[in-house]
Amino acid sequence: MASPSTPGRFDKYTVLLPTYNERENLPLIVWLLVKYFGESGYNYEIIVIDDGSPDGTLEMAEQLQRIYGEDKIVLRPRPTKLGLGTAYIHGIKHATGNFIFIMDADLSHHPKFIPEFIKKQKEGDYDLVSGTRYRGNGGVYGWDLRRKLISRGANFLTQVLLRPNASDLTGSFRLYKKKVLESLIERCVSKGYVFQMEIIIRARQLKYTIGEVPISFVDRVYGESKLGGTEIVSFAKGLLILFATT
């Protein structure tokens, strides 16, 4: 067995990047992913799942594919915006790695933490490793008071109602064993921001092991946040449904 500090000989890491209007961010996040995977020596691929972005995100992804190669940048676009959960399902179908990273394409999640995720996973052979903003030296930067209150409030309510044994339920920077993620997605019924929370709840129900890595979350560099009033209402509804059914 490989030691925690050395790349697993047969492991491959697939990064799923769902995108919508991320033309300006995509070149930067891809460059950083290539940099940190390359320095660490891990085998990897990046699957870009664009949902018909009108800003030319797919065209930018095609340029990046020509630069880095089709073996590293895999394009699996969809014609229209169909939701985060289905984007992951779509991406997993094409993933050749035995581990799956999910993260945002807007630079909120820095790829510098990827080696720490991999190290943590190997230390405990965890089924999934979740980035946490609320433990250790994790934190949030660039958010106004409203966003911080929403996030903290959402996590507090979830902790009280569902007791998930994880400190950050609404984050979306995670590493999964591929088979574990497939199993969890099959059982999840939520959409939008509730989806990430439900995955952790289902993982607890199925006795999957969860590790955590403190991360710094930085508000998106380019573009507008996709969190609005509709998403907040949907989150509240989803939380109540999970409370009633789990």
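## Leucine 17 and what surrounds it

Set aside residues up to four places away in sequence, and leucine 17 touches Leu26, Ile29, Leu33, Ile46, Ile47, Val48, Ile49, Met103, Asp104 and Ala105 (contact means heavy atoms within 4.5 Å). This is a predicted model, so to speak of its confidence: local features need pLDDT of at least 70, side-chain atom pairs count only at pLDDT 80 or more, and totals for chains, interfaces and linings use all residues. Residues are numbered from 1 along each chain as its sequence is written, and side-chain values use heavy atoms, with hydrogens and water left out.

**Overall picture**

- The protein has 8 helices and 9 strands (DSSP runs, numbered from the N terminus: H or I of at least four residues for helices, E of at least two for strands).
- Of the 246 residues in the protein, 51% are buried (buried is under 20% relative accessible area, exposed is over 50%, and partly exposed is in between, using a 1.4 Å probe and protein chains only).
- Take the contacts between residues at least 6 apart in sequence: 81% of them join residues at least 24 apart.

**Strand E1 and leucine 17**

- Leucine 17 sits in strand E1, and its relative accessible area of 0% is why it counts as buried.

- E2 (residues 43-50) is mostly covered, with 7 of its 8 residues buried.
- E2 pairs in parallel with strand E3 (residues 73-75) over 3 bridges, and isoleucine 47 has valine 74 as its bridge partner in E3.
- E1, helix H1 (residues 26-40) and E2 form a right-handed β-α-β unit (with the strands pointing away from the viewer, the path from the first strand over the helix to the second runs clockwise).
- E2, H2 and E3 form a right-handed β-α-β unit as well.

**Nonpolar cores**

- The largest nonpolar core has 34 residues, and Leu17, Leu33, Phe37, Ile46, Phe101 and Phe117 have the most contacts inside it (a core is a set of buried Ala, Val, Leu, Ile, Met, Phe, Trp, Tyr and Cys residues joined through side-chain atoms within 4.5 Å).
- E1, H1, E2, H2, E3, strand E4 (99-102) and helix H4 (114-124) each put at least two residues into this core.
- H1 gives the largest share of this core, 8 residues.
- Another core lies apart from it, with 26 residues, among them Ala87, Ile185, Phe195 and Ala203.

- Threonine 57 is found in H2 and counts as buried, at 0% relative accessibility.
- The side chain of threonine 57 reaches the backbone nitrogen of arginine 23 at 3.1 Å.
- Beyond residues up to four places away in sequence, threonine 57 touches Thr19, Asn21, Glu22, Arg23, Leu26 and Asp50.
- Glutamine 65 lies in H2 (residues 57-68) and counts as buried, at 18% relative accessibility.
- A polar atom of the glutamine 65 side chain is 2.9 Å from the backbone oxygen of isoleucine 73.
- Neighbours within four places aside, glutamine 65 is in contact with Glu70, Ile73, Val74 and Leu75.

**Helix H4**

- Ile114, Phe117, Ile118, Gln121 and Lys122 are the buried residues of H4.
- Viewed down the axis of H4, those buried residues fall within an arc of 125 degrees, so they line one face of the helix (the arc is that of the directions from the helix axis to the C-beta atoms).
- Their cover includes E1, H1, E4, strand E5 (128-132), strand E7 (174-177) and strand E8 (210-214).
- Just after H4, aspartate 125 takes a positive phi of about 50 degrees.

Note on methods
A polar contact is a pair of N or O atoms within 3.5 Å; within protein, one must be able to donate a hydrogen and the other to accept it, and residues adjacent in sequence count only if both atoms are side-chain atoms. Two strands pair if DSSP finds at least two bridges between them.
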